[in-house]
Amino acid sequence: MNTKRGPADLKLLQEMNRAQVLETIRAYGPIARVDIARKTQLSPTTVATLVNDLIAEGWVRSAGEGESRGGRKPTLLEFNAKAGYIIAVDVTDTLLTVARTDLNARELEEERSVPHRFTGHALAELIGETVGTIIDSMKARKLNIAGIGISTPGLVDADTGIVRYSLKLNWMDLPLGSMLKKRFDLTVYVENDTNAAALGEKWFGAGRPFENMVYVTVGSGVGAGLILGGRIFRGITGSAGELGHMSIDKGGERCECGNIGCLENLVAWPAIWARVTKAMKRGVPTVITELVDNIDQVTPEILNKAAWASDQLAVNALTEAGVSLGIGLANLVNLLNPEAIILGGELIGKDSFILQHVQKTMATHGLRVPGAAVRLLPHQLGEKARLYGVAGIVLHNLLATRFWSSGLDTSAEPVFPQ
């Protein structure tokens with residue numbers, strides 16, 4: 001039997017070993033060469049050669065000396081997160097945020113938030129102008145730009161960078177990725193905002209311990225990012241996770257989607273705000289009138305504060321919303337049996353009044369075994385989860401292109417340092 005390896009086989013093996021060494025340094029650094037060899041099961045000679053190559057290319061750098069193990073102190077190595085930078089963009093219906101991160105998708109720097117009332121192509125142009133300002137600043141400092149990641153509401157084709165439909169932004173089949181790629185000659189990735197937040201929490205926040213989790217955002221709308229087996233589950237058309245359009249009230253109001261009794265009409269902030277302010281206009285007594293000058297100033301924080309002060313209007317509003325959300329999440333647990341549900345959005349925080357009613361309803365409406373196993377957690381990253389998520393996508397794809405292009409699983413979940 002001929003066991004000789006040809007040049008192509010040897011090249012593939014070398015690239016796979018190189019990727020393995022880099023990932024070990026990224027995940028466990030600062031780390032000594034001997035520990036890299038132990039973790040990768042590669043020979044010390046092979047590790048030394050590959051490390052020297054990675055240092056010469058700027059991907060790895062020295063991180064000082066480690067503790068002596070009987071001989072001279074070993075040199076520690078770490079991933080050079082300053083070898084390049086990522087531009088992370090978060091688009092909402094009222095705010096555009098652009099930030100720069102390092103190659104660990106951390107250190108959000110030079111963050112710029114621009115309030116806007118634009119939609120359609122005018123908003124796309126504003127994105128280009130704001131990103132261009134950051135790029136000009138980076139080029140003036142001779143910083144290497146690895147790519148651009150964008151989070152946006154709506155139905156997104158992540159493979160092509162096309163926003164298929166976004167009602168809030170008035171986008172229909174907008175090739176946002178290719179538009180910016182052509183303008184800046186950089187690689188661009190576009191992701192749905194809830195999926196981006198789910199990945200941000202999975203890689204950097206409350207979701208780190210879990211391979212199967214759901215991120216649920218409750219704010220101007222209700223959406224879910226499904227992470228199954230460590231990866232985003234998109235569904236056949238990329239629209240998986242439309243939790244807000246689960247119908248839970250057959251006698252409810254008609255939703256903008258055309259359905260009746262959608263969860264979003266019961267628990268999203270605009271719906272809650274409308275019910276509370278309508279009651280205030282009718283003269284229902286409430287301490288909220290002492291906290292704001294006019295009803296336009298009623299916010300989730302104000303309502304939460306009033307509820308904890310035992311204001312009946314606020315208590316009723318958040319209790320009803322909590323029960324409805326709990327029913328929706330119980331259905332989610334029964335269907336997917338996840339390890340954790342992470343709640344995000346403007347209505348959610350560690351002291352959110354609504355959480356107690358969500359938990360109680362989940363316990364009474366969900367199946368006992370999966371309900372007892374699932375963990376319900378508040379988010380850790382807040383509004384920045386989407387920025388961290390798209391930055392992580394750029395980094396993952398950068399490494400997949402540079403290091404994993406010859407046979408490794410490019411869809412595998414990236415490992416980020418603790």
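**Strands and helices**

Tutor: Val-163 stands opposite Leu-174 in β10. Strands are DSSP runs of E with at least two residues, and helices are runs of H or I with at least four, numbered from the N terminus. This is a predicted model, where local features need pLDDT of at least 70, side-chain atom pairs count only at pLDDT 80 or more, and totals for chains, interfaces and linings use all residues. Residues are numbered from 1 along each chain as its sequence is written, and side-chain values use heavy atoms, leaving out hydrogens and water.

Student: How many bridges join β9 to β10?

Tutor: Two strands pair if DSSP finds at least two bridges between them. Here β9 (residues 162-166) and β10 run antiparallel, joined by 3 bridges.

Student: Which strands are at the edges of the sheet?

Tutor: The open sheet has 3 strands, in the order β8-β9-β10, with antiparallel pairing. Its edge strands, β8 (155-157) and β10 (171-174), each pair on one side only.

Student: How are two packed helices described?

Tutor: By the angle between their axes and the distance between the axes. Axes are lines fitted to C-alpha atoms, for helices over the stretch in contact, and angles run from 0 to 180 degrees between N-to-C directions. Helix α11 (residues 312-336) packs against α12 (residues 354-365) at about 45 degrees, with axes 7 Å apart. The two are therefore oblique to each other: under 35 degrees counts as roughly parallel, over 145 as roughly antiparallel, 65 to 115 as roughly perpendicular and the rest as oblique.
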